[in-house]
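Hi there,

Here is the structure I promised to pass on. Have a look at it first, and my notes follow below.

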Amino acid sequence: MEQAPGGDRQDAVDFEIIELFFFAYRDFTSDPDVILEKRGFGRAHHRVLHFVDREPGMTVADLLDTLKITKQSLARVLKQLIDSGYIHQVAGPEDRRQRKLYTTKEGKTLARALAKPQSRRIAKALEKTGPGARETIKRFLAGMKNAAES
């Protein structure tokens, strides 16, 4: 890791890891991007489809909280996925204003088609990393996800 002048490592920048993240993200998203582009969709569609498929019946409010986006940002993407037949929404049983989201058969198929190449890429990387790597990587990524600015 690069040290700041005077040996202060607190201000050091780990360019190597930052660059590896950029390249890993680029390649991790490349296969799904091709599939999405054929349908006129982008990464926002992918994220919505992924989380709705992983948690059937999640509400729009839950999805907004998960994705940390505005209602306006979600509305356009969700409408396209609904209109295209990949997601359907059902009014909540107690509160009819509540909208529960589900992937359709086509939505499940697309979600799996997007996840498979990513899963293969992860499996190959874990294979090269060695025993015990999966748990270490999960802890590392969880730490990145929740890390507060210092």
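**What I found**

Leaving aside neighbours within four places in sequence, Leu110 is in contact with Ile35, Arg39, Phe41, Leu49 and Tyr86, where contact means heavy atoms within 4.5 Å. Please keep in mind that this is a predicted model, in which local features need pLDDT of at least 70 and side-chain atom pairs count only at pLDDT 80 or more, while totals for chains, interfaces and linings use all residues. Residues are numbered from 1 along each chain as its sequence is written, and side-chain values use heavy atoms, with hydrogens and water left out.

Back to Leu110: this residue belongs to helix H5 (residues 105–129). Helices here are DSSP runs of H or I with at least four residues, strands are runs of E with at least two, and both are numbered from the N terminus. Leu110 counts as buried because its relative accessibility is 3%; buried means under 20% relative accessible area, exposed over 50%, and partly exposed in between (1.4 Å probe, protein chains only). From Leu110 to Ala123 there are 13 residues in sequence and 20 Å in space, C-alpha to C-alpha.

Next, helix H2 (residues 43–54). Its 12 residues reach 16 Å from the first C-alpha to the last, close to the 16 Å expected at 1.5 Å a residue (the expected span is 1.5 Å times one less than the number of residues). The buried residues of H2 are His45, His46, Val48, Leu49, Val52 and Asp53. Of these, His46 has a relative accessible area of 14%. Beyond its neighbours within four places in sequence, His46 is in contact with Pro32, Leu36, Leu114 and Gln118.

How do helix H3 (residues 60–67) and helix H4 (residues 71–83) cross, and at what angle? Their axes come within 10 Å and cross at roughly 115°, which makes H3 roughly perpendicular to H4 (65 to 115 degrees counts as roughly perpendicular, under 35 as roughly parallel, over 145 as roughly antiparallel, and the rest as oblique). Val60, Leu63 and Leu64 of H3 meet Lys71, Leu74 and Leu78 of H4 in this contact.

Finally, the sheet: 3 strands form an open, antiparallel sheet in the order E1-E3-E2, with strands taken as paired if DSSP finds at least two bridges between them. Strand E1 (58–59) and strand E2 (87–91) are at the edges with a single partner strand each, so one side of each has no neighbour in the sheet. E2 pairs with strand E3 (residues 99–103) over 5 bridges, and Ala91 stands opposite Arg99 in E3.

Best wishes

How values were computed. Axes are lines fitted to C-alpha atoms, for helices over the stretch in contact, and angles run from 0 to 180 degrees between N-to-C directions.
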